[in-house]
Amino acid sequence: MGAIKKVVIAGGGTAGWIVAAALSKKLGDVLDITLVESEDIGTIGVGEATIPPIRVFHRLLQIDEQEFMRATSATFKLGISFENWKNGDDTYIHSFGKTGRETWLADFIHFWLKAKEIGFAGDFGDYCYELQAAQKNKFGLSKNSEINYAYHLDATRYAQFLRKMSEASGARRLEGKIASVQQNNDTGYIESLTLENGEIIEGDLFIDCTGFHGLLIEKTLHTGYEDWGHWLPCNTAVAVQTESVGPAVPYTRSIAHHAGWRWRIPLQHRVGNGLVYSSDYMSDDEAVSTLLSSVEGKTLTEPRLIKYRTGRRRKIWNKNCVALGLSSGFIEPLESTSIHLFIMGITRLMQLFPFSGIEPSLVDEFNAETSKELEMVRDFIILHYKVTERNDSSFWQYCRNMDVPEKLARRIELFKSSALAFQREGELFRVDSWTQVMLGQGITPQSYHHLVELMSASELQNMLTGLDGSIAKAVEMLPTHQEFVDNYCKA
């Protein structure tokens, strides 16, 4: 193949328009960008919770935060409240914040464990600004204080927002269903797409955003799929939207049940609800009934079933096709990583873009980096299922007893024995994330770093008291989350 000038994006939705927005905004001067989608084909559209790196992406595209939030009826997100994951009657928050202070030799948890042993430590979350703000339903932005946050957003409106931006930057949208895909007889590379109306769309590089269907990457190129269902047994979700019945809280709720978990995501104009489960342990009818009996407020939509397989394509980039979005694989929505992985995929592609032609070295590097990233996110999700005290159902008994990837098993044992958590190079989830989840799920480390012995009990108590007091004071000064949203970005 020669130089890459024509990029064709197959499929719209959140993934397709993220790709179109990024390419048109940053590379639109040197590329011809066409997106093909059909209004008759629905999108999954329930990826409504995000994580903080989305703000970096928005800055890259020069997106005005208030404009974006008004357009998508967005609210702020400081973390996730995990309920009933440890023993069936418990709650902890995995926040986006940094907890306490650390030294270069030992993280804050070691000081906290020593204080807990002596008898004067509060809860681990008492020393995290974002976590305390989330618990008290507070939020605010100012030049004098930093707060790490993400968004809850309407995924359908987000795609529309990005479409408008993409078209303004030169991307072209074509309406129509893809009827067939043409390949080169010698190389197997994709040459064009033919729509049902007979129109032919030629391209040099094709981006598959056709969702779980994987029309290009799988149906055409037969790339293959690596199944992770033995580690992530949930394979179905049912989603429904409801009216808001109270102020929006600045966190997502993840509430475990006997065969999985359910989500609650508060937007400005409604609430997104869903129930995730394993079809081996819960029927579709039971799932719908359970979800509808647990939601608050009048339902605005009919319950929608979504079947999926956790795992990934054996190659995310195959020949001249790159799979981005659900066509590349799916981990599951527990830690709101889907939109982030869409963004990382297109960012990596732009960094390795084959302007002069597709070279094996570019493809190999893209696939290697993507695989490593997916495995690290996967292991963090598996952690939630594996580390639990629940034995009240066959589902949770399976999760407790299942074998997990060797790297994850070592991380769990290291934390159990020595309170050591870490962040690998290029890893999304930080030390604080691993620590909050492992403590929240019930792991009590057996020992801590003896560096903390150099600090006297009174010095340690003064440090923790000072931290707790300064955080409590700062949180007290914040407006409520709902008040801030109404003044800052009301839709």
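Contact, throughout this tour, means heavy atoms within 4.5 Å. Helices (H or I, at least four residues) and strands (E, at least two) are DSSP runs, numbered from the N terminus. The model is predicted, so local features need pLDDT of at least 70 and side-chain atom pairs count only at pLDDT 80 or more, while totals for chains, interfaces and linings use all residues. Residues are numbered from 1 along each chain as its sequence is written, and side-chain values use heavy atoms, with hydrogens and water left out.

**Stop 1: helix 2**

Select residues 53-60, which form helix 2. Ile54, Arg55, Phe57 and His58 are buried there; buried means under 20% relative accessible area, exposed over 50%, and partly exposed in between (1.4 Å probe, protein chains only). These residues lie on the same side of helix 2 because they cover an arc of only 155° around the axis, the arc being that of the directions from the helix axis to the C-beta atoms. Just after helix 2, select Gln62, which takes a positive phi of about 60°.

**Stop 2: helix 1 and helix 9**

Two packed helices are described by the angle between their axes and the distance between the axes. Show helix 1 (residues 13-27) with helix 9 (residues 338-351): their axes are 10 Å apart, at an angle of about 35°. Axes here are lines fitted to C-alpha atoms, for helices over the stretch in contact, and angles run from 0 to 180 degrees between N-to-C directions. On the helix 1 side, select Thr14, Ala15, Ile18, Val19, Ala22, Leu23, Lys26 and Leu27, which meet Ile339, Phe342, Ile343, Ile346 and Met350 in helix 9.

**Stop 3**

Glu332 counts as buried because its relative accessibility is 1%. Ser336 lies in the loop between strand 21 and helix 9 as well, and its phi, near 55°, is a positive value in a residue other than glycine. With a relative accessible area of 7%, Ser336 is buried.

**Stop 4: the nonpolar core**

A nonpolar core is a set of buried Ala, Val, Leu, Ile, Met, Phe, Trp, Tyr and Cys residues joined through side-chain atoms within 4.5 Å. The largest has 147 residues, of which Leu23, Phe76, Ile207 and Tyr385 touch the most other members. Another core, of nine residues, lies apart from it and includes Val238, Val240, Leu275 and Ala287. Select Tyr385 next: beyond its neighbours within four places in sequence, its contacts include Trp85, Trp261, Glu332, Phe395 and Met402.

**Stop 5: Val437**

Val437 is in helix 13 (residues 431-440). Is Val437 buried or exposed? Val437 is buried, with a relative accessible area of 0%. Not counting residues up to four places away in sequence, Val437 touches Tyr92, His94, Glu335, Phe380, Leu383 and His384. The C-alpha atoms of Val437 and Leu383 are separated by 8.2 Å, although the two residues are 54 residues apart along the chain.

**Stop 6: Glu39**

Finish at Glu39, in the loop between strand 2 (32-37) and helix 2. Glu39 counts as exposed, at 64% relative accessibility. Leaving out residues up to four places away in sequence, Glu39 touches Arg173 and Glu175.
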